[in-house]
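Trainee: I'd like a close look at a single part of this protein. Please take me through it step by step.

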Amino acid sequence: MTSFRYGQTKVVKTSYQLVKLTKTDEFSSVFDFRRRISAEYVVLHFRPNQLGYPRLGLVASKKVAKTAVSRNYMRRVLRELFRAHQPAIPGCDLVINVRKKFIRADFKQIHQQFNYLCHRLALQNPVDVGA
């Protein structure tokens, strides 16, 4: 966590802000690298980075889930799973694309698939692949 001091006010920048893909160019560079690992509910696109820590981008389209409530739920679940597995993930940019809508009843299956994707990502060793 990094903190900055402006006058009397202390502003704290959380670590989550540092690990989030936000710009279109960042997403495009991951998609253009053309490396992915698929599961039933999600597809994990990845690209090595030189930062030494993983960054996350999430895609949940209206085609998969019509309502914003369900898309936000899926993003929230995937963000939490990423946070829990973050120490085991090598330094790379990840974009998780939701392929199939999931609900609370599917959480165990999503968790198992995320474990599988993280294991496969570690086996791929994207740092050795090149940038």
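How many disulfides does the count come to here?

Mentor: Zero disulfides, by the distance rule. Keep in mind that this is a predicted model. A disulfide is a covalent bond between the sulfur atoms of two cysteines. The rule asks for two such sulfur atoms within 2.5 Å. Now take cysteine 92. The closest cysteine sulfur to its own belongs to cysteine 118, and the gap is 9.3 Å, so they are too far apart for a bond. Start from cysteine 118 instead, and the closest cysteine sulfur is the one in cysteine 92, again at 9.3 Å. Are these cysteines buried or exposed? Cysteine 92 is buried, with a relative accessible area of 0%. Cysteine 118 also counts as buried, at 12% relative accessibility.

Next, helix H3. It runs over residues 68-85 and has 18 residues. Some of its residues are buried: Ser70, Arg71, Tyr73, Met74, Val77, Leu78, Leu81, Phe82 and His85. They cover an arc of only 165° around the axis, so they sit on the same side of H3. An α-helix has 3.6 residues a turn, so residues three or four places apart point the same way. What covers that buried set? The cover includes strands E4 (42-48), E5 (55-59) and E6 (92-98), together with helix H4 (107-124).

Now a single residue, isoleucine 37. You will find it in strand E3, residues 36-38. Isoleucine 37 is buried, at a relative accessible area of 1%. Leave out residues up to four places away in sequence, and isoleucine 37 touches Val42, Val43, Leu44, Phe46, Leu117, Arg120, Leu121 and Gln124. Look also at isoleucine 96. It is 59 residues from isoleucine 37 along the chain, yet their C-alpha atoms are separated by 9.7 Å.

Last, step back to the whole protein. It has five helices and six strands. Along the sequence they follow the pattern β-β-α-α-β-β-β-α-β-α-α. Of its 131 residues, 37% count as buried. Consider contacts between residues at least 6 apart in sequence: 75% of them join residues at least 24 apart. The protein exposes about 8,300 Å², and carbon and sulfur atoms supply 51% of that.

Notes:
Residues numbered from 1 in each chain as written. Predicted model: local features only at pLDDT ≥ 70, side-chain atom pairs only at ≥ 80, totals over all residues. Heavy atoms only, no water. Helix = DSSP H or I, 4+ residues; strand = E, 2+ residues; numbered from the N terminus. Expected span 1.5 Å × (residues − 1). Buried < 20%, exposed > 50% of the residue type's maximum accessible area, 1.4 Å probe, protein only. Arc of directions from axis to C-beta. Contact = heavy atoms within 4.5 Å. Areas by Shrake-Rupley, 256 points an atom, 1.4 Å probe, with all protein chains shown as cover.
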